[in-house]
Amino acid sequence: MCRNITTLRGLQPEATPDEIEAAARQYVRKVSGVQKPSAATDEAFERAVRDVTEATARLLAQLPPRKQPPTTVPPLRRLRPAATA
């Protein structure tokens, strides 16, 4: 449905709450057609983001481990500077 939502299951280290919320926010944007909530849509939009975030966190916690890590890195990890040795 939305190619911009990155697979979170199997990440090492595990997906963070911020990464789960970012994926939920992208999903809600896509299905609602609301890119930037207005005063009229903000409450419903944010409630949906919370609900999807909670459902996603529960789902990830209940699924068995993946045999292979995802092929893409979540956007929030792409924005972080690389660790130096």
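Helix α1 is followed by G33, whose phi is positive, near 75°; helices here are DSSP runs of H or I with at least four residues, numbered from the N terminus. The model is a predicted one, in which local features need pLDDT of at least 70 and side-chain atom pairs count only at pLDDT 80 or more, while totals for chains, interfaces and linings use all residues. Residues are numbered from 1 along each chain as its sequence is written, and side-chain values use heavy atoms, with hydrogens and water left out.

The 16 residues of α1 should span 22 Å at 1.5 Å a residue, and its end C-alpha atoms are 22 Å apart, which agrees; the expected span is 1.5 Å times one less than the number of residues. Within α1, the residues E19, I20, A23, A24, R25 and V28 are buried, that is, under 20% relative accessible area with a 1.4 Å probe and protein chains only, where exposed means over 50% and partly exposed lies in between. Their cover includes α2 and α3 (75–79), contact being heavy atoms within 4.5 Å.

Helix α2 (residues 42–62) has 21 residues and reaches 30 Å from its first C-alpha to its last, close to the 30 Å expected. Its buried residues are F45, V49 and T53. Seen down the axis of α2, these fall within an arc of 75°, so they line one face of the helix, the arc being that of the directions from the helix axis to the C-beta atoms. An α-helix has 3.6 residues a turn, so residues three or four places apart point the same way. The face of α2 turned away from its buried side carries the exposed residues E43, A61 and Q62.

Key
Helix = DSSP H or I, 4+ residues; strand = E, 2+ residues; numbered from the N terminus.
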